[in-house]
Amino acid sequence: MFNSYILPPELWCMVWKDMSFDDRVNATHVSRYWRHVARSCPRLWTNLQFYSPVHHVECECAICGPYELNTRAIWKQPGKTNYQLVLNALPLSGSLPIHLDVHVTPFYADHGLLEDFGMDIRNSSAADRLKSLRVVFDDPDALMWLLSGLESLPSLTSLITLAVTSEPIQFSHVRAWRNNAIHLPALRTLVLDNMRWQCPDRQWPIHLPSLHFLICPLTDPEEVVRVLDACPALKALHVVVPSQEQDEHFEPDWTLDGPTLDRFAEIPSVHVIGVSDFETEKWALRNFGSAPARPDFLLHYLPDAAPKFSAFLTNDLRDCAPCASPTWAQRTGLAYARTLWLRCWCLSVVPPS
Ligand SMILES: [Zn+2]
């Protein structure tokens, strides 16, 4: 029989390092020796993958059926999470920085569970070591509830979200990406996919002093001002145009006032993602493309929009040229793999020399 003692512990750690979190946990159940080796290797527990497919107690999906208070009181929501496994693994990483991947389904997920998970991370003092957080969600409120439990992430540099929704997300139905004054002093990269920046009825102050790179939808001038106020160090902003399904009330007819345009001009790199027609094109140029000295300004067209509308622009502005969006894919990485199609067409507006 194969004798695991012939390999030194460091080699076992190297073998396990790139396996999924669940497989690493499974390795600790194989033998007492493997358990000892794996639990004594902090590097093995710095990349954690949490998942929760647990349905909300009031969920009325095809599995849960219609909601009735009497029956739901004794109801066990469908879905099995690895909550406890992740919590048990946190202390094994010692004092090393942690990277956490979160995967939440279904469209109406168990919010209390997410908030409790955030609180348990905070209580284990591992929140101080959390370096990056990636949230893949079906439920657009998942991040909000997780952050609500975490409250403060002093070392977090990257927060990336990715919507893999089973139902179209309407902005009028979703809340802001956070519902409390979450403390994120070191955050440099923030990607908000299908999430609102602000909550119309509750305005929590937010300050992101280190934020350099932001992708988010911006639906009105107030929201733009709020972002500028919150992120004084912003170097690159990708504004996502809300689609008709997301925000039926979005009208690309507003114009930023002079002082806001002046503040906006300080951001060296601005992209507008999802330009769909001549109206959104004009809106994007008027509000985000008016700084002549900006070194990097790109419009990303929806695939069927570019052939129709980009010709107008190239005729009007001689310094425009079609290009195959160069850096967008690498900078946002996996988070925007879903929207590959947005990159098919874009215009690079080169400032006149
Ligand atoms: Zn359900």
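This is a predicted model: local features need pLDDT of at least 70, side-chain atom pairs count only at pLDDT 80 or more; totals for chains, interfaces and linings use all residues.

Trainee: Why is leucine 211 called buried?

Mentor: The cut-off is 20 or more other C-beta atoms within 10 Å. Leucine 211 has 24, so it is buried. It sits in the loop between β5 and β6.

Trainee: Which residues does leucine 211 touch, leaving out those up to four places away in sequence?

Mentor: Leu187, Arg188, Leu190, Cys231, Ala233 and Leu234. A contact needs C-beta atoms within 7 Å. Leucine 184 is 27 residues from leucine 211 in sequence, and their C-alpha atoms are 9.2 Å apart.

Trainee: Asparagine 194 is in the loop between β5 and β6 too. What makes asparagine 194 count as buried?

Mentor: The count again. Asparagine 194 has 23 C-beta neighbours inside 10 Å. The threshold is 20, so asparagine 194 counts as buried. Its phi is positive, about 55°, although it is not a glycine.

Trainee: Where is glutamate 151, and is it buried, exposed or partly exposed?

Mentor: Glutamate 151 is in the loop between α7 and β4 (158-163). It has 15 other C-beta atoms within 10 Å. Buried takes 20 or more, exposed takes 12 or fewer. The value of 15 lies in between, so glutamate 151 is partly exposed. Phi of glutamate 151 is also positive, near 65°, in a residue other than glycine.

Trainee: Why is glutamate 248 called exposed?

Mentor: Exposed means 12 or fewer. Glutamate 248 has 12 C-beta neighbours inside 10 Å, so it counts as exposed. Its place is the loop between β7 (236-240) and α9 (258-264). Glutamine 170 is 78 residues from glutamate 248 in sequence, yet the C-alpha to C-alpha distance is 8.1 Å.

Trainee: How do you know that the bond from threonine 105 to proline 106 is cis?

Mentor: Look at omega. For this peptide bond it is near -10°, and the bond is cis. Proline 106 lies in the loop between β2 (98-104) and α6.

Trainee: On to the helices. At what angle do α6 and α7 pack, and how far apart are their axes?

Mentor: Helix α6 (residues 111-123) and helix α7 (residues 142-150) pack at about 35°, with axes 6 Å apart. Their crossing is right-handed. Residues in the contact include Leu114, Phe117 and Ile121 in α6, and Ala142, Trp145 and Leu146 in α7. By class, the contact has 9 nonpolar, 4 polar and 3 charged residues.

Trainee: What makes a group of residues a nonpolar core, and how many are in the largest one here?

Mentor: The members are buried nonpolar residues joined through C-beta atoms within 7 Å. The largest core has 75 residues. Among those with the most contacts inside it are Leu114, Leu146 and Leu214. Helix α7 gives the most to this core, with 7 residues. Domain 1 (1-45) and domain 2 (47-349) each supply at least three residues.

Trainee: Why would nonpolar residues group like that?

Mentor: In soluble globular proteins, nonpolar side chains tend to be buried together.

Trainee: And which residues does leucine 214 touch, beyond those up to four places away in sequence?

Mentor: Leu190, Cys231, Leu234 and Leu237.

Trainee: How many helices and strands does the chain have?

Mentor: It has 12 helices and 11 strands. Of its 353 residues, 34% are buried.

Technical notes. Residues are numbered from 1 along each chain as its sequence is written. Axes are lines fitted to C-alpha atoms, for helices over the stretch in contact, and angles run from 0 to 180 degrees between N-to-C directions. Helices (H or I, at least four residues) and strands (E, at least two) are DSSP runs, numbered from the N terminus. A crossing is left-handed if the near helix is turned anticlockwise from the far one by less than a right angle, and right-handed if clockwise. Two residues are in contact if their C-beta atoms, placed from the backbone, lie within 7 Å. Ala, Val, Leu, Ile, Met, Phe, Trp, Tyr, Cys and Pro count as nonpolar, Asp, Glu, Lys and Arg as charged, and the others, Gly among them, as polar. Domain bounds come from an automatic or database domain assignment.
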